[in-house]
Amino acid sequence: MHPDTRVVHIPVPVPDSTPLSVPLYQTSSFAFDDPDPLADGLNRPDGSYVYSRFANPTVRALEEAVAELEGGAAAIATGSGMGAVSLLLHSLLRAGDHVIAQHTLYGGTHAALRKLADRYDLTISFVTGHDPEEVRNAITPRTRILYLETIANPTGHSSDLPALAPIAREAGVVTIVDNTFATPLLCRPIDHGADVVLHSVTKFLGGHSDVTGGIAVFADDALYREVWGEAVEFGSVTDPFAAWLTLRGLQTLPLRIARHTDNVARVAGFLADHPAVERVLWTGAPGHPSHAVATSYVRGFAAPFCFDLAGGYEAGLTFQKAVRVIKLAPSLGGTQTLILHPASSSHRQLDADQLRAASIGPGTIRIAVGIEHPDDLIDDLRQALDGFPAR
Ligand SMILES: *Cc1c(COP(=O)(O)O)cnc(C)c1O
């Protein structure tokens, strides 16, 4: 089945029929006539439903749907994207271990890794992800994880997963890929050698800015079972209503991604031609430093991207207030187009050097393009940029 069909046919059968909408099992516990299946369900992920921290039918429907979209064996849905990140790091790492990570990580992931490194004497090697030799040379006997992102925030950086994953596998290193920015429709990292794929479902998978959630998909059933036990103990679980909202959003993922992809290309093209825009950093453009690497295994670029205003910091400040249809807000992957001026918001505490290290300029704007009519987005951008200093 194509993903387009799979996401609208998510069966949760009841006797004699199947509801068209996945039922919301809003219950914390399940009652039994017989104690044996109760005991069994507490010991494994595929036993009876006993207690919703262990398993819940609505949550399971989401886990199975996303596992299938990603081509994985099984998945664990979590309360947030960071919940999935921290579940994986806490489950896989032991004191003194070594992690190899792409240098452009999601800010929250970077902070979590740093904190764990301090606490448990972990060492981290940051790599560009473009050079297989760099990863081969970084591997030590204590290397446990290679951590990558399909498309990174905010630079659109991509690692050469198909070249790096076999090197990690040969050394017994688990490759984790944060696929939030691509979604399984544009890239399935497991097909290219990843062991674990994670998402902030808060973004494209949920897709409507109404739910916070995460998910980790496992290529291998044994690793899934190991981490499931930890998820139960750490309480990484999501709640049935969040899973239900995500399932509702997931049904239109293929339609939304098609529109996002088309809109992003149009908006990036418009901005590249605008005199007030110094430069556009979109992975889909042939001039982007990761374009060749990314196009070898990612089918399209719907993700947020950055552009720099020629007018610098002042222009960035003004631009945030000048947009009308487009909203000033964090997050991405929802129906609405959102912008952020990192230098005055998410990265306000960084000095000029630190900003440069994070590839953020004083006039950098991040834009997450939604599914509105593209002409309305371009009209809004045109009026917002009116009168700005030219490059
Ligand atoms: C948002 C995001 C996260 C964290 O997800 P939350 O749902 O906010 O916890 C992790 N990785 C990437 C790439 C993200 O965009």
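Modeller: We can start with the ligand and then turn to the fold and the backbone.

Biologist: Before that, where does the model come from?
Modeller: This is a predicted model.

Biologist: Fine. Which residues surround the ligand?
Modeller: The ligand has Ser80, Gly81, Met82, Tyr106, Asp178, Thr180, Phe181, Ser200, Thr202, Lys203 and Gly213 around it.

Biologist: How does that shell split by class?
Modeller: The shell has six polar, three nonpolar and two charged residues.

Biologist: What does Asp178 do with its side chain, in terms of distance to the ligand?
Modeller: A polar atom of the Asp178 side chain is 2.6 Å from a nitrogen atom of the ligand.

Biologist: And Lys203?
Modeller: In Lys203, a side-chain N or O atom lies 2.7 Å from an oxygen atom of the ligand.

Biologist: What about Gly81?
Modeller: There the backbone is involved: an N or O atom of the Gly81 backbone lies 2.9 Å from a ligand oxygen atom.

Biologist: How much of the ligand's accessible area does the protein cover?
Modeller: On its own the ligand has 380 Å² of accessible area, and the protein covers 90% of that.

Biologist: Changing topic. How many helices and strands are there?
Modeller: The protein has 15 helices and 12 strands.

Biologist: What are the overall dimensions?
Modeller: The C-alpha trace spans about 75 × 50 × 35 Å along its principal axes.

Biologist: Now the backbone. Where is there a cis peptide bond?
Modeller: Between Asn153 and Pro154, with omega about 0°. Pro154 sits in the loop between β4 (143-149) and α7 (161-170).

Biologist: Which residue has a positive phi without being a glycine?
Modeller: Asp16 has a phi of about 75°.

Biologist: Where is Asp16?
Modeller: Asp16 is in the loop that runs between α1 (3-6) and α2 (35-41).

Notes: Residues are numbered from 1 along each chain as its sequence is written. This is a predicted model: local features need pLDDT of at least 70, side-chain atom pairs count only at pLDDT 80 or more; totals for chains, interfaces and linings use all residues. Side-chain values use heavy atoms; hydrogens and water are left out. A residue is near a molecule or strand if one of its heavy atoms lies within 4 Å of it. A polar contact is a pair of N or O atoms within 3.5 Å; within protein, one must be able to donate a hydrogen and the other to accept it, and residues adjacent in sequence count only if both atoms are side-chain atoms. Accessible areas come from the Shrake-Rupley method with a 1.4 Å probe; for residues, only the protein chains shown count as cover. Ala, Val, Leu, Ile, Met, Phe, Trp, Tyr, Cys and Pro count as nonpolar, Asp, Glu, Lys and Arg as charged, and the others, Gly among them, as polar. Helices (H or I, at least four residues) and strands (E, at least two) are DSSP runs, numbered from the N terminus.
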